[in-house]
Structures are given as structure tokens and as C-alpha cells.
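Here's a quick briefing to read alongside the fold. Have the structure open while you go through it.

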Amino acid sequence: MNTAQRYQAWREARAQRLSFRGSLVWHQSGGSEYLLRSYYDGSGARRQKTEGPRSPETERLKTQWEAQRDAATEREKALHIVLDRQAAINRALVLGRVPLLGARIIRALDAAGLLGHGVRIVGTNAVYAYEAAAGVMVDASITTTEDMDLLVDARRALRLAASADIPGGALISLLRKIDRSFERTRQDFRAANKDGYLVDLITPQTEPPWSAGEVRIGVAEDELTAIPVTGLTWLESAPAFEAVAIDERGAPLRIVAADPRVFAAHKLWLSAQPGRDPLKRRRDAAQAAAVGMMVGRYLTHLPYTAEPLRMLPRPLFEAAQPLFAADDPALS
């Protein structure tokens, strides 16, 4: 709780500091001085506009802006020091859960304006968000992972807020800023680094399947193209779920995933698919049971009722209902 509160305070301070990106400078033009504002728009492009000729009012505006910018910078630095101390406490208490590379990718998605705005964390990494919210830890055997699934909402036009720093505004370029060894594989929905860590870009299968167009984030030549997957419509349509988790070094990160009730139901459905790898099916069933238990016991503000979960087919909704009342030894 301390970590989450301090992280939220730091995020607010960072957002305030970023609102001062750019400058206010005096510019000479036609024998007069004008106050010129440089700033960045939502796409990351640099823009300029004049605030008017030099006068007591524009001088006051410049002085006030610089004082507010300096105060925001100092506040962010102070809160960053607090977070560093908190991370040391978290390491001592062995609270870290999210693998470091996965945490860096999620933070980069957040900073780029994608996380929760067209992209959600699904698959095993989403379990860390549910753990953090419930205040429990599940057995490592069902959370150990060397990959990450990113669900992209094909209904939204996505744009990297940091596109000025990311060539082509591309997801593959963002991954390379984290680890330069990331490359798109022969499967164009997947990137892999030198250690074999995989990042998959996935999207719901449309009906009929051939009606779908390509779903991409950037325009780079080797950008990832999302692969349509059956069953993801439920996760795409589910309410968003946000939590602050802790990485292996004790540092916090924000995870935006699908509602845990829909996650558990979807995992139960996956565990029953005959064409799926048997090892993955058993893991799916274990994750469904653990997340269902977390919801039933700890996340009691999320009752398993039909109205908020109407995106689930009725047979699946009913089949998953026992998950939210059963005990599960995977919880510790």
C-alpha cells in the first residue's frame, strides 16, 4: 500500500513536470521582442506559438512558468528518492514479483501512452496485477514466464505518445530501446531478444475472419502485425483492471489488464480446448482457479454476476461460476 501510494504521487509529479516540456523564450522579430512558447502536441511533434510582445504581463507569465517548472522538477526528484528507499524495503521483504524485462516493457508501454489506451497486458503477466490488488502471492509455478502477450484493441487508432523518440512510432522500435537485441521473428506478430524472451502482439479474431485488416501500431518496415486469436473478444470487451505491482528489484509499475473475472473464465475456456498443448491447458486451469479464488476471497467488490460480465457467452459464464467460491492451494 505504501508503494502504491508513493508511486501514484510520483506519477502525478512526473505528469506535472512533463506538462512543462518545451520552453518560453524571448524572440526578436521585426525590431520587437515576442514571448515564444515551444511545446509538444499529443503525437510528440514540437510546436511553437507566440504569447504576445514583451510586456509586464508576458514577463510575469515567463517568470511564473519557469518557477512552476522548477518546482515540478524538484518535486519529482524528491519523490523519486522516496521510491528508491521504498524499493529497498520491498527487496528486503521479498515483495518483488514481476520479472525485470517484463516490467521494463510494461513501463515503456505506459510512458508511450499505450498501456490502457488500446493495449492491455494479458496472459500470465496479468496475474501479477491480480496478485497485487488482492495482496497475495500465487505459487511461482503458474506465474513463471519468458514471454509477454499484448492485446491490442483493433477498434482504436493507436499512436505512441513518445513517437518523436521512437522511429516510425513502432512497437518494435520501443522494444529495441529496452533491449537492442529484439527482432521481429519469422512470425510477424512476435519479437524475440537474444535470450529468447518473446513479445506477442495479439488481437481478437473477427467474424468472418477474412474481413479483418492488418492491426499494427507503427509504420516501421519490420513492425509487428497482430495475430487474430479466437476468444480474445471477451478480454477486449471486459472492463479494464489496473493495479500497481512490484518488480524483482522492488520498484513499482502500473499494469492494466482485463477484469480478473473475465480472465479466469477465459483461462478456463482455454484449458478445455482440445487442440491446445496439454501442458498449457493444465497451466490455464491452474491460473483460472487461482484468479477465481483471489476474486472470490479478496476482491469482493467484483461479484461474479451476469450484468457486468455480459460479454461472456452464457455457457462459459455458468461453467466458470464455481471458480469464484472454491478454495485453492496455489494461494499462499
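Which residues are buried in H5? They are Leu171, Ile172, Ser173, Leu174, Leu175 and Ile178. Keep in mind that you're looking at a predicted model, with a protein chain of 332 residues, 45% of which count as buried. Its secondary structure comes to nine helices and eleven strands.

**The chain as a whole**

- Taken along the principal axes, the C-alpha atoms of the protein chain fill a box of roughly 80 × 50 × 45 Å.
- The chain has an accessible surface of about 16900 Å², and 51% of that belongs to carbon and sulfur atoms.
- If you take the contacts between residues at least 6 apart in sequence, 67% of them join residues at least 24 apart.

- Helix H5 spans residues 171-178 and is mostly covered, with six of its eight residues buried.
- The cover over the buried residues of H5 includes H3, E5, strand E6 (183-184), strand E7 (190-192) and E8.
- Helix H4 (residues 126-134) is largely enclosed by the rest of the structure, because seven of its nine residues are buried.

**Aromatic pairs**

- The structure holds seven aromatic pairs. One of them is Tyr7 with Trp10, a stacked pair at 5.8 Å centre to centre with 15 degrees between the planes.
- Tyr7 and Trp10 sit about one helical turn from each other, because they are three residues apart in helix H1 (residues 2-18).
- Tyr7 is buried, with a relative accessible area of 6%, and Trp10 counts as buried too, at 15% relative accessibility.
- Phe20 and Trp65 make an edge-to-face pair, 5.8 Å centre to centre and with 65 degrees between the planes.
- Because Phe20 lies in the loop between H1 and strand E1 (23-29) while Trp65 is in helix H2, this pair ties together parts that are 45 residues apart in sequence.
- Both Phe20 and Trp65 are buried.
- Tyr130, Phe241 and Phe263 form one aromatic cluster.

- H7 provides the largest share of the lining of the second largest pocket, with five residues.
- By residue type, the lining of the second largest pocket divides into eleven nonpolar, eight polar and ten charged.

- Asn90 lies in helix H2 (residues 56-92), and at 2% relative accessibility it counts as buried.
- What does Asn90 contact, leaving aside its neighbours within four places in sequence? The residues in contact with Asn90 are Thr3, Leu95, Gly96, Ile246 and Gly250.
- Gly118 is found in the loop between helix H3 (100-111) and strand E4 (119-122).
- Buried or exposed, where does Gly118 fall? Gly118 is buried, because its relative accessible area is 8% and the cut-off for buried is under 20%.
- Gly118 and Arg155 are 37 residues apart in sequence, and their C-alpha atoms are 8.3 Å apart in space.

Notes
Residues are numbered from 1 along each chain as its sequence is written. This is a predicted model: local features need pLDDT of at least 70, side-chain atom pairs count only at pLDDT 80 or more; totals for chains, interfaces and linings use all residues. Side-chain values use heavy atoms; hydrogens and water are left out. Helices (H or I, at least four residues) and strands (E, at least two) are DSSP runs, numbered from the N terminus. Buried means under 20% relative accessible area, exposed over 50%, partly exposed in between (1.4 Å probe, protein chains only). Contact means heavy atoms within 4.5 Å. Ala, Val, Leu, Ile, Met, Phe, Trp, Tyr, Cys and Pro count as nonpolar, Asp, Glu, Lys and Arg as charged, and the others, Gly among them, as polar. Accessible areas come from the Shrake-Rupley method with a 1.4 Å probe; for residues, only the protein chains shown count as cover. Rings of Phe, Tyr and Trp (its six-membered ring) pair if their centres lie within 6.5 Å; planes under 30 degrees apart count as stacked, over 60 as edge-to-face and the rest as tilted.
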